[in-house]
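I opened my notebook and went through this model one question at a time. Come along and check each entry against the picture.

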Amino acid sequence: MNATIRRTGVVFLFTALCLTGCKEGDGKKEATASRAPEMVRQESRQAPVLPAVLELGKKMKEGQTAYDAVRQGMFALPRELSRHDATALLDLLMAPPAPGWNELGWAAIFNDGLNVLRAGANQPEGFMERLLECYRDTGRPAVLRDYALQHFGTQLAAWYHDPENGKKLFPKGEVRMQAEEALRRALFPGNGTTMGTACNVADDIITACEASGTSAPFSADELCRSCKETVLSPAENIHARITALGMLGRHESPAVLKEARLWMMDEGQPVLFRAAAIAYVGTFPAENDRAAFNTLAADTDLRLSQPAKKSLSRLEGRS
């Protein structure tokens, strides 16, 4: 998602993107018909491939085309979408795909499309409200909720980095406060993978606030307390625990150092969690860790041996 959710083949897209006469929904037709001809021509120049992408997206949702074509179409979109066209793209992203559609494939398209919209000068009306709505909808796949959280969190970080220029990101102050509250709640243990995504977003905001001298909505200490609680609970989602453990290491919090020394040697733990524990302990290398690091550095699994070797190097550097 940064998460860690943090991303497929080459397809013959050129013909698809050059299709003419793509059908559009009645709502789009009515909206276009009411606009001045010059404005319509200008929008056409700005986003010549958007109609083809929307048509491919509709076919994808009906199970008639591969998602590769839609994703490549997203990459071809210009960043100068009009507000009208940006809203059409957002409508496509927010509508659920056809039943049985590959969840991760659609998630990649969802993320790509949101990247296009966030980078554009003309963001859709109610963009953040709809992202929040998506995140709050527990009926949606977790990966889509994670991406929604990641994107409105990135907007929050940009706002805190430069509140004056960030006003366009959150034109309504109450929506920004709602986003902050949603993020704060997402940091609570028990939110599955979303908790891990929230960790990364919160850290981005704290970093932005430090750079701009702005008061952050939550402190690094609060973030670390939540991470500690998540890491220490075996019932928590393992990916969230891994992210939270890494966050504790990033903030040099020794809150779970004693436990991590046991986890990194425990073959009953998932390999990636052990690897995260090795890296975490390596943040505070002590002489009595040398034997464990040497043992792990000789492991045939690179996921364990590589962080162990790095931890040994840090230990040597402190000797």
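**Entry 1**

I began with Glu316, which is partly exposed at a relative accessible area of 45%. For these labels, buried means under 20% relative accessible area, exposed means over 50%, and partly exposed lies in between, using a 1.4 Å probe and protein chains only. A note on the source: this is a predicted model, where local features need pLDDT of at least 70, side-chain atom pairs count only at pLDDT 80 or more, and totals for chains, interfaces and linings use all residues. Residues are numbered from 1 along each chain as its sequence is written, and side-chain values use heavy atoms, with hydrogens and water left out.

Which side chain does Glu316 meet in a salt bridge? I found Arg290, at 2.5 Å from N to O. A salt bridge here is a side-chain nitrogen of Lys or Arg within 4 Å of a carboxyl oxygen of Asp or Glu. This pair links distant parts of the chain, with Glu316 in helix 17 and Arg290 in helix 16, 26 residues apart. Helices are DSSP runs (H or I, at least four residues), numbered from the N terminus.

**Entry 1: helix 16 and what covers it**

Next I looked up which residues of helix 16 (residues 290-297) are buried, and I noted Arg290, Ala292, Phe293, Leu296 and Ala297. Seen down the axis of helix 16, these buried residues fall within an arc of 165 degrees, so they line one face of the helix. The arc is taken from the directions that run from the helix axis to the C-beta atoms. What covers them includes helix 15 (271-281) and helix 17 (302-318).

I then picked Leu312, which lies in helix 17 and is buried, with a relative accessible area of 14%. Leaving aside neighbours within four places in sequence, Leu312 is in contact (heavy atoms within 4.5 Å) with Arg290, Phe293, Asn294 and Ala297. Leu312 and Ala297 are 15 residues apart in sequence, and their C-alpha atoms are 8.4 Å apart in space.

How many salt bridges does the structure hold? I wrote down eleven. One of them joins Glu180 and Arg176, whose closest N and O atoms are 2.9 Å apart. These two are four residues apart in helix 10 (residues 173-186), which means they are separated by about one helical turn. Glu180 counts as buried at 10% relative accessibility, and Arg176 counts as buried at 17%.

I also found a salt bridge between the side chains of Arg303 and Asp301, at 2.9 Å from N to O. Arg303 is partly exposed, with a relative accessible area of 45%. Glu181, Arg184 and Arg185 are linked in a network of salt bridges.

**Entry 2: two helix pairs**

I compared how helices cross, using axes that are lines fitted to C-alpha atoms over the stretch in contact, with angles from 0 to 180 degrees between N-to-C directions. The axes of helix 7 (residues 103-119) and helix 9 (residues 142-161) come within 9 Å and cross at roughly 15 degrees. That makes helix 7 roughly parallel to helix 9. Angles under 35 degrees count as roughly parallel, over 145 as roughly antiparallel, 65 to 115 as roughly perpendicular and the rest as oblique.

**Entry 3: one loop, two residues**

Is Val256 buried or exposed? Val256 is buried, with a relative accessible area of 0%, and is found in the loop between helix 13 and helix 14. Not counting residues up to four places away in sequence, Val256 touches several residues, including Val231, Trp263 and Tyr280.

Glu252 is found in the loop between helix 13 (238-250) and helix 14 (257-263), and counts as exposed at 58% relative accessibility. Most residues other than glycine have a negative phi.
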